[in-house]
Amino acid sequence: MIVHIPDEPPHDLHHQPTVSVFASSINPKHANQIVRRLNQIAPLEGLRHVKRIRKKVLEGGQIELSVVLCLAYEADNQLDVVPPHLQEFISSYQLGPFITKVCKYEATSKEEWQEQCKFWPTSYHPRTYNIDGITGFSEEDSQSVLKFMQSAVELATSGGLVVNAAVIVDPSAKQIISTARDQVFAWNNCKDDSCYKKPDLLSSHPVANSLDPQKPLHLRSSCNHLKQSYTGVACLYPCQWAEQQSNSQISYYCHPLRHAAIVAIESSAARDRRLFPNDEGSKEKYLEFDHESPCMSSPSKRQKTVEDDGKLNAQSQTSNQVEDNDKLNPCRQTESNLLSARPYLCTGYDIYLVWEPCTMCAMALVHQRIRRIFYAFPNPKTGALGSVYRLQGEKSLNHHYAVFRVLLPEEALHNRSAETKETGI
């Protein structure tokens with residue numbers, strides 16, 4: 001089963017978290033003036049989803065307006081804690097404050113919004129974008145997701161010690177772009193692209209680079225609380241490297257930042273450098289594509305073009321000559337530049353992780369413009385995508401991805417680990 005992890009934690013529809021506020025009935029003739037002044041002297045910070053005015057129609061058609069004045073605090077005489085300038089405002093309009101409840105969080109669904117309005121009117125802004133999977137997966141897409149997650153599980157359990165693993169995928173071509181395991185204790189200090197290998201050569205064991213329908217992934221039950229601690233997983237124990245290094249008498253390379261997601265990102269970038277060597281040492285030349293463009297089906301990345309001044313001048317001189325040809329064949333320039341343009345980060349790609357990423361890894365995936373994140377097991381210690389934080393719902397970020405959990409039994413880790421030991425893979 002694949003479960004969407006929403007941007008905000010869900011709330012019981014009939015038990016909405018609330019906070020107390022001071023409110024007052026007002027004369028409708030003064031409504032605009034009062035609201036403007038209150039927005040200046042007592043803005044509702046943290047409650048921007050709460051509407052300032054509540055309108056009621058009384059018997060006989062008479063309209064009653066009430067306004068939120070400010071938050072209410074616990075005290076013997078709560079009016080005493082109202083700031084002096086707000087007390088003056090209340091006196092000037094001869095208001096009669098009373099305490100009422102408003103919902104603490106913004107509604108994440110229409111049903112939740114309807115329940116909130118029973119306390120006090122709030123605003124509801126439904127999602128303005130659509131990412132495949134949020135409203136459900138087709139059978140084909142579900143099988144694809146499960147197979148790529150299986151690849152991540154196999155990679156995580158392939159080295160004896162169970163660690164986190166990452167698989168970056170181009171969903172439009174169903175192609176693995178890069179794979180990686182945690183390398184906190186096995187850091188190869190490469191200064192060039194010699195570390196990079198194709199996804200199917202990253203380790204001594206094969207990782208499925210295409211879907212194998214003959215190898216099903218059995219899902220008997222999901223697991224929220226794992227029986228083992230899995231101390232080798234970097235995102236679960238981000239400080240474990242320091243403890244082991246201080247207690248160990250063996251000399252080895254270690255690096256606290258080499259989490260699976262970070263290494264996979266690095267591997268993807270190394271792949272781009274190998275595929276587009278002409279871009280090295282020159283200005284970036286990115287061509288922006290929409291992955292849904294009819295001119296191309298793969299890869300699904302968006303790419304952006306930044307031309308130098310000399311080329312722009314040359315293009316401006318010949319623009320009149322090529323304008324008609326471009327209109328007749330809009331895909332020609334796209335297809336020709338596709339071979340020479342370097343991809344823009346990981347835009348449009350998916351990543352599969354065995355464990356929910358920590359904040360560092362989740363933020364790195366924001367910077368890489370990852371489109372969807374799938375993980376199998378929650379991270380109750382440092383999980384940034386549902387367990388502890390929900391970075392995908394942070395509105396101040398300039399990129400947002402969709403997050404899904406693939407429900408797997410813990411036995412999937414043990415079964416694969418046992419197979420690895422028996423076969424020596």
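The buried residues of α2 pack against α1 (31-41) and β4. In this predicted model, the residues of α2 that count as buried are L86, F89 and I90. Around the helix axis these three residues span an arc of only 100°, and they therefore lie on the same side of α2. An α-helix has 3.6 residues a turn, so residues three or four places apart point the same way. The other side of α2 carries P84, E88, S91 and S92, which are exposed. Following α2 comes Q94, which has a positive phi, near 55°.

Y73 is placed in the loop between β4 (63-71) and α2 (84-92). With a relative accessible area of 48%, Y73 is partly exposed, because the exposed class begins only over 50%. Together with L71 and V81, Y73 forms a nonpolar patch on the surface. The accessible area of L71, Y73 and V81 together is about 250 Å².

At the level of the whole chain, ten helices and ten strands are present. The chain has 425 residues, and 41% of them count as buried. Its accessible surface comes to about 23700 Å², and carbon and sulfur atoms contribute 50% of that surface. Among contacts in the chain with a separation of 6 or more, 72% are between residues 24 or more positions apart.

Helix α6 comprises residues 260-275, 16 residues in total. From the first C-alpha to the last, α6 reaches 22 Å, which is close to the 22 Å expected at 1.5 Å a residue. The buried residues of α6 include the alanines A260, A261, A264 and A270, together with V263 and I265. S267, S268, R271 and D272 are also among the buried residues of this helix. The elements against which the buried residues of α6 pack are the strands β6 (165-170), β7 (175-181) and β8 (350-355), and the helix α9 (359-367).

A search for salt bridges over the whole structure returned six. R258 has a relative accessibility of 12% and so counts as buried, the limit being under 20%. E266, in contrast, is partly exposed, with a relative accessible area of 40%.

A further salt bridge joins K118 and E115, with the closest N and O atoms 3.0 Å apart. K118 has a relative accessible area of 64% and is therefore exposed, the threshold being over 50%. E115, at 16% relative accessibility, counts as buried.

In another of the salt bridges, the side chains of R48 and E45 meet at 3.1 Å, N to O. Both R48 and E45 are exposed.

Methods: Residues numbered from 1 in each chain as written. Predicted model: local features only at pLDDT ≥ 70, side-chain atom pairs only at ≥ 80, totals over all residues. Heavy atoms only, no water. Patch = residues over 30% accessible without salt bridge, like charges linked within 9 Å, V, L, I, M, F, W, Y side chains within 5 Å. Areas by Shrake-Rupley, 256 points an atom, 1.4 Å probe, with all protein chains shown as cover. Salt bridge = Lys/Arg side-chain N within 4 Å of Asp/Glu carboxyl O. Helix = DSSP H or I, 4+ residues; strand = E, 2+ residues; numbered from the N terminus. Buried < 20%, exposed > 50% of the residue type's maximum accessible area, 1.4 Å probe, protein only. Contact = heavy atoms within 4.5 Å. Arc of directions from axis to C-beta. Expected span 1.5 Å × (residues − 1).
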